[in-house]
Amino acid sequence: MLSGGGGGSGGGGGGAGGGGGAGGGSGGGRSPKPSFVSYVTPEEINLTEKEISRKEKQPDLLQGEVIFCSASPIRKCTQDDFSQRGIFGSLFCTNFRISFISDETQLEEEEGQVFKNKLYGENDIPLTCVDNIYRGFDEKKKLITSGSVRNKYPSKIIIHCKDLRVFQFSLAFAKEEDAKKIFQGIVHHCLEPKSLKCIFAFSYSEKMTFSSENQTKLKTVMFDSMVDWAQEMKRTKGNCKLVSANADFNISTKYIWCWSHHSGCALFKTASLPLMQEDGCSQSYRTYMERYCTCVKTEELPETLPTIQDIQQSYNKFKQFFLVDNTTEFWMSDVKWFSSLENSGWLDIIRQCLTKAVEVVECLENENTNVLIMEEEGSDLCCVISSLVQVMLDPHFRTLEGFQSLVQKEWVAGGHHFLDRCNYLHKDKESPVFLLFLECVWQLLQQYAPAFQFSETYLTVLSDSVDVSVFSTFLFNSPHHRATTIQPVSLLAQKGPLNLPTVWDWSVQFNSAAQDFFTNPLYVEKSRQDKVPRKTFRPKHQRHQSLPSTAFKSSPKKSFFKDETDSLKKMLRVKRISRWLNPTDLTQSTTREFYEAWQRKPLDYHGLLLPCVDGPALRVWAQRYLRWLPEVQIFGGGAMTLEKKLVDLLAEVRELRGKLDWHCSVDFSHRGAAALAGSSVRLSSAFPFFVSRTWSFKPAIPSCLQKNLITGTFADKEDEDSECLGVI
Amino acid sequence: MAEIESCFVFNASTKQSIFLCFQASNESLKMELLADVPLLPGEERVIDKDIIYICPFNGPVKGRVFITNYRLFFRSVDVDPAVTLNVPLGVISRVEKMGGASSRGENSYGLDITCKDMRNLRFALKQEGHSRRDIFDILFRYAFPLSHGLQLFAFLSQEKYQENGWTVYNPVQEFRRQGLPNDQWRITFLNNNYELCDTYPTILVVPYSASDEDLRKVATFRSRGRIPVLSWIHPENQAVITRCSQPLVGMSGKRNRDDERYLDIIRATNKMTSKLTIFDARPNVNAVANKATGGGYEGEDAYQNAELVFLDIHNIHVMRESLKKLKDIVYPNVEESHWLSSLESTHWLEHIKLVLSGAIQVADKISTGSSVVVHCSDGWDRTAQLTSLAMLMLDSYYRTFRGFQVLLEKEWISFGHKFASRIGHGDKNHADADRSPIFLQFIDCVWQMTKQFPTAFEFNERLLVAVLDHLYSCRFGTFLYNCESARDANEVKMKTVSLWSFINSDRASYINPFYTVEFVHVLYPVASMRHLELWVSYYIRWNPRIRQQQHSPMEQRYKELLALKEQYLRKLEELQLSDSTSHLSNSTAPSPSTPSQRVTHLQTPF
């Protein structure tokens, strides 16, 4: 289906780009590069060019962005529009996004748009952000799968996005040919498998120069050099030897140091050893480990945690509750909300990850034992657990830069298969593992907000950025994959290596005012006096105390961790799924004790944090999941109203402080007034993401209230007085 | 304050009360202590005894229990930190003997106390010599004084406060605030002696064009004479919320011309109302079922210019059972394996949703300029919930510290929500079918609103918890008795202290620092399960695993910043003063050492 960047079609693609550039004025690919990848046949290009010349309005194309096809008039149906008439405009499909341009005069530059993404607007859907496309007919919808449509096109398409937006476009008003083209174009580019080079990031970065200045300006440690690792080792006072043996990515299985506890013990992760080698090879690995560390507890994650497929399935169920097509459907699903939520199992998976992380923390913190976490590839749940453990234990990773460095270290350098898991290439290996991690961090954030330098909005934006397909961060399956991918391209282009932007360069997406939303006004940096250098608080002998025998004896979780009973366990191994559904009571009770003992101590936001995982404590990440649903917008309310008060006061205090400093004629660094201050935006619970055009004074009145809610004894017993004295 | 250390986390109001009574008894020189907790003025010790408290979270704890005419107090011995319990006797709904003299097993002989505030207390005693007999009898007498010819503690209390809470609500003043009387509505004193309706207040607002005679006639056709009267009027569009009880239609489908005409008069007071909306809070079937007992609803034929809407809110029995189920899943342990579906199966939040969405519909009608009538069966449970919640949405005054007290006094207390029957103050009959958590449910709805609009309410969560705690405690007269006439007969205002005396003497504790006055538009909460939450810090507050935050971090940070702002302002003022005085003598910048010192002194981390 795809032409992989050959000469002929490359020229055609250049033509299309030129056409787009001429029409749009913002300049697409004006000069065709040999490496340019074309997605369309010349025949299509001619049509698009004709279309474009007729059009006045066009999307503002990004560098390297080209229009594949377009159609108009297209009606966009909006949910918060009570008149249900929708908006007419044109629909475009480019190599980056699906874009709807309204015919009506744009209110884009409204005051409300403080939080504008520079890469895509509210009516744009990055191609990699498309989750599912449905054919809509008579209030029903049917999933469109790749290859299932040839010459037909539906009168209405419904697009569900990975950031949980829902778009409905009616194609019925456009010319049949245009409608067919745009429909097929969208389906083709959003659903068919493609090659990595077709991802927009490559066209984008070719035209853009992301100076390495930008990157060095960032304080985020990228963990792409030995120096970074050595620094981190020094910071945590780890005592492991750095090995550069894997510099050329030859060794597939190795123990990776993650983090060192101040007591001297450390956390490691690894891919599982093939069972065949159990006798010979693993023995050598174990001796290797034991040489460096006196003792290590091995934790096989798949035995107690859900699989990648479980995670994907559960999330698929979960997200459906938020991809709502109409109000009736919304209120229908509201009736059984809690049980549906439970049935999806998503919160339970979050609970299991948090619980597992607490177990590992307990080993490091209480028993001062090295922990090795294992998993088949060592790059999915290992990343989740290892990074969660570090967020809980190390306040550095709760700062913005620290958190970003952690993602670089554990996920990017740690070889999480972002490309596969994000499903950019539609290869069916999708699983929201990284999102799961962000979900867990969000749970911690909402339980202990003052401990985090970053805000909920930051996490939401980060979770969205995964699906924008511009950032190198999420583009590869491993550092090795990255290195091998970037090199050949650069040879062809006769340029230096491709310089893809990292997601941490937030200026690519947001201006500085919008970036102010990323910081948590509740966070208070540890004051200088308190910042004593990290010391070993425990008596020194404890460092060496953990000889295997004593450590295992002292551990009440003996049966849970992999130890000498391992072989027995292998014989008795039941299906994984049943394991994670029924975790042993034993671990539950010990982690419970550990949690309760910690909880009795006064809470230190700059110390160890343990999540409460009880039913009422785990919640739905409302900002991420509810922001686009008009039915649940709290106009004039929501958590943001509180935050605004706080931010305003903070700005006021800073200003006063500035004045004071000025009075004392001391050089002061007065930060600009925060983004929220002074803006007359009417807040709602979806702020800053969704600013409703129609500020609604109409309340959402629930329909579909379950009429036969109560079928108990009292349903027909009316009413409140003596009539009912007999009923007890 | 050793209590803070205890295994039970007391809510702020309880602690506050301990603190306050400390001051009070200091003043009265009569420093009698219970262990180390001072007694309230008027509180007397009755018995104390060595006992084992079977803490559901920490296991059995040895200690001593003290019983007064107001409370049960327990303090552990030999446990660090000490475990304490401080339970007003009014909270107790049931005392049972557990096990017999011959029961086997450790701690199997003792008492089991069921409380109205979502907890149970178990105590174990020595099995020899009927050791629990005296304490059981005393608890039974003092926890249920009205069943034993004793007085409620509110009548024995000698507490004195600077504020007089009984002056908080003055109906004439409140109606004047609403712009009443006006050319359409008048104040009537027809019920001055509770002759028209013995469960209504004395002062009522009725349509100007309805005569006293009309009102008397209408009263014959409304259950217990609770005729439609005005609760609230919209200051601009003049749409009104009126409340009443069900019409006495009965099986035969009786009609009453006076009632029909009266409702049409109400409709006609507002020119924009072409059809009067009657919100019947009940489910349709219940309204029909009520015909069998002489009640019913307004038929379409009889009431031509009205439309009837059923709001599907269930009756007191359903609510009581729902709360019982909720207690089962949160106390003593929070249901673990299927928390969400268990929560759903209690239907508690579903009921909250129905009540809120009913109130939203009322508020919506009013703000679009259409008058409404709200009733259920007797008009003192669901009706009170709906009118007061709608008023909370419509009128920002009721969201202030004072206004909320007025709202409770007006819509709940003066209009005869049967607090005595619903709570069962001092009454031993724990299984009384009249008991129901209707008021709790309303406070829960208010809490949901404060969660959704965190800057719109002048009071905080602590106020709501304090109100609920003293709903049961019987320390104040505010929630005693079923209606105003009974309160008058028992001279409540003369003989007891108002809860608002206590609350208003400590205003600062109950103020929401984030309150912003700017709200002029209607507050519509979202009545979707997606936003409704279980009020964990009330329903699960006894569980130490659920971390209780005395002050939310947000609130704490805000207060810190406010203090910092004050400090900076003061410094700035000082500097400006010194600048203006020293300006002539020394116009150059001050020496580098002093300012930097000043600045570091002020350095507080952001």
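Select His426(A), which is found in the loop between α15 and α16 of chain A; helices (H or I, at least four residues) and strands (E, at least two) are DSSP runs, numbered from the N terminus. The model is a predicted one, in which local features need pLDDT of at least 70, side-chain atom pairs count only at pLDDT 80 or more, and totals for chains, interfaces and linings use all residues, while side-chain values use heavy atoms, with hydrogens and water left out. Residues are numbered from 1 along each chain as its sequence is written, and chains are lettered from A and ligands numbered from 1 in the order in which they are written.

His426(A) has a positive phi of about 55° although it is not a glycine. Is this residue buried or exposed? His426(A) is buried, with a relative accessible area of 18%; buried means under 20% relative accessible area, exposed over 50%, and partly exposed in between (1.4 Å probe, protein chains only).

Asn423(A) is buried, with a relative accessible area of 14%.

Now display the second largest cavity. On a 1 Å grid over the protein atoms alone, a cavity is a set of points where a 1.4 Å probe fits but cannot get out, and lining residues have an atom within 4 Å of a point. Which residues lie nearest its centre? Of the 21 lining residues, they are Lys162(A), Glu430(A), Pro432(A), Leu435(A) and Asp467(A). The helices α9 (308-320), α15 and α16 of chain A each supply at least two residues of this lining.

Select helix α14 (residues 400-412) of chain A. Its 13 residues reach 17 Å from the first C-alpha to the last, close to the 18 Å expected at 1.5 Å a residue; the expected span is 1.5 Å times one less than the number of residues. Most of α14(A) is covered, with 11 of its 13 residues buried, among them Phe403(A), Leu406(A) and Trp411(A).

Widen the view to the whole of chain A, which has 26 helices and 12 strands. Buried residues make up 59% of its 728 residues.

Turn to chain B and select β10(B). Trp185(B) and Ile187(B) point one way from this strand, Arg186(B) and Thr188(B) the other way, and all are buried. In a regular strand the side chains alternate between the two faces of the sheet. β10(B) and strand β11 (residues 204-207) of chain B pair in the antiparallel sense over 4 bridges; two strands pair if DSSP finds at least two bridges between them. Trp185(B) stands opposite Pro207(B) in β11(B).

Step back to Pro181(B), in the loop between α3 (171-177) and β10 (185-188) of chain B. The peptide bond from Leu180(B) to Pro181(B) is cis, with omega near 0°.

For the last stop, select Pro332(B), placed in the loop between α7 (316-330) and α8 (339-346) of chain B. The peptide bond that joins Tyr331(B) to Pro332(B) is cis, with omega near -5°.

Methods. 1 Å grid on protein atoms, 1.4 Å probe; cavity = no way out; pocket = protein on both sides within 12 Å on 5 of 7 lines; lining within 4 Å.
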